[in-house]
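Hi,

Here is the model I promised to pass on.

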Amino acid sequence: MPLRGFIDVFKPYVNHNAFRTFLKNERMSYSPNHPDLTTWLSIDSSTDFPVQNLPFGIFSTEDRSERPGVAIGQYILDLQLLDEAGMLDLEAPYFELETLNTFFSYGRKEITRVREQISRLLTGENKQLKDHNDREAFFVLQSEASMHLPFHIGDYTDFYSSEDHARNVGTMFRDPDNALLPNWKHIPVGYHGRASSIVVSGTPIHRPKGQTLPADSTTPVYGPSRLVDFELEVAFVTCGENTLGNPITLDQTEEHIGGIMLFNDLSARDIQKWEYVPLGPFLAKNFGSILSPWVVTLDALEPFRLESPVQDDPTPLPYLKYQGKGHFDIVLEVAITEENGQTTKICTSNFKYMYWNMFQQLAHQTVNGCNVRTGDIYASGTISGPEPTSYGSMLELSWRGTKPIKLASGNERKFLADGDTCILTGYAKKDGVRIGFGPCSFTLLPAKS
Ligand code: MN
């Protein structure tokens with residue numbers, strides 16, 4: 001049949017839009033999250049970064065300065081080189097830059113699109129990288145790279161959204177029968193923190209000094225904090241902006257959250273106790289907050305979403321009323337490595353223990369018209385679960401210092417000691433796929449003299 005005749009026969013069936021939908025479905029049928037996907041690259045089986053993860057970060061090497069990369073197994077795939085070699089289709093040449101801000105400013109759809117391109121290159125679905133005659137040149141061993149903050153962080157909010165944490169704190173400092181304040185189940189409570197003191201995992205922090213009120217005294221003293229604590233948190237980063245005066249509604253929030261990281265909101269409890277009345281946390285919270293370097297995309301976490309718990313006692317106001325899978329099943333752990341090298345796991349919690357989810361937090365953050373910008377960090381608040389072993393801070397684990405935590409060495413801790421390294425880890429696991437975050441750790445150095 002001549003071509004013209006062929007087209008005429010099929011013309012009635014080939015509706016242009018239907019054909020476009022068909023092509024789109026063909027493209028959509030590739031899922032970077034499929035558990036059967038493997039990479040042609042030889043990677044460690046125990047890795048946090050299988051081909052289903054592909055988190056973005058900023059790294060440098062001895063010979064070259066900061067640039068974007070993707071973690072794959074024990075390697076980093078250099079996105080700047082990959083783009084220079086013409087293997088990526090990007091909205092703009094943002095992988096030439098030293099932060100992920102511009103990339104993420106193009107929004108969730110662009111993150112999804114680029115992650116899929118990288119996935120195709122690493123699985124061999126697209127053979128350009130696999131068949132490249134110098135393909136090793138695109139990879140750097142993570143052990144030979146330094147990681148940096150993934151974003152220029154303009155603003156930082158810390159929420160207080162784990163019910164068990166809020167109840168524990170309320171029970172300790174107020175009244176067990178009235179542990180939650182009246183606003184808690186109506187508002188995702190939070191405060192504006194300080195962005196300048198957020199540092200990347202691995203940055204040592206000196207024990208802070210400040211004002212504290214000694215027991216049985218009415219006069220404060222100045223000196224090193226005695227009660228330095230970690231807070232086990234998860235932070236999300238915003239992608240794309242809203243303009244001042246225009247809230248991001250709950251159903252728009254999915255488009256504005258690019259990914260999540262582990263976050264340790266270091267806290268000096270004695271400084272906090274004296275200073276927080278009546279305006280909340282201040283110098284107890286801005287001597288160093290630790291962020292993990294790899295941004296795990298919401299896309300990679302899609303398989304681990306959980307139905308959000310019913311909130312009906314009380315029901316939140318309509319702008320916060322969430323139905324659907326807004327929670328995530330992510331195991332979170334904290335370990336302490338003492339100066340002698342011994343490591344003890346001291347807590348196992350889960351991101352699913354949140355009351356308010358990230359989408360509600362972002363809707364609330366902007367409900368008054370507050371504008372968010374790409375690269376802003378929004379931390380969950382300490383994530384505690386119902387069991388005493390799942391509490392996400394030393395304050396709760398040692399119950400205000402009344403129940404010291406036994407370490408493997410036989411030593412005890414009520415709060416962090418000089419020389420302790422505190423390590424947060426997180427992973428989601430299902431169908432043989434384990435999506436990890438890499439460590440979020442820091443070492444506490446003695447106070448400066
Ligand atoms: Mn916090």
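Let's start at a helix end: Asn-357 caps the N-terminal end of H8, with a side-chain oxygen 3.0 Å from the backbone nitrogen of Phe-359. Helices here are DSSP runs of H or I of at least four residues, strands are E runs of at least two, and both are numbered from the N terminus. H8 (residues 358-366) is largely enclosed by the rest of the structure, because 9 of its 9 residues are buried (buried is under 20% relative accessible area, exposed over 50%, partly exposed in between, with a 1.4 Å probe and protein chains only).

Before you go further: this is a predicted model, where local features need pLDDT of at least 70, side-chain atom pairs count only at pLDDT 80 or more, and totals for chains, interfaces and linings use all residues. Residues are numbered from 1 along each chain as its sequence is written, and side-chain values use heavy atoms, with hydrogens and water left out.

Now the metal. The manganese ion has Asp-158 (OD), Glu-231 (OE), Glu-233 (OE) and Asp-265 (OD) as protein donors, 2.1 to 2.2 Å away (donors are N, O and S atoms within 2.8 Å of the metal, or 3.2 Å for Na, K and Ca; water is not among the atoms, so sites may look incomplete). Both Asp-158 and Asp-265 are buried.

As for salt bridges (a side-chain nitrogen of Lys or Arg within 4 Å of a carboxyl oxygen of Asp or Glu), the structure holds 26. One of them joins Glu-254 to Arg-305, at 2.6 Å between the closest N and O atoms. Those two also belong to a salt-bridge network with Arg-108, Asp-299 and Glu-302.

Cheers

Conventions
Polar contact = N/O pair within 3.5 Å; in protein donor to acceptor, adjacent residues only side chain to side chain.
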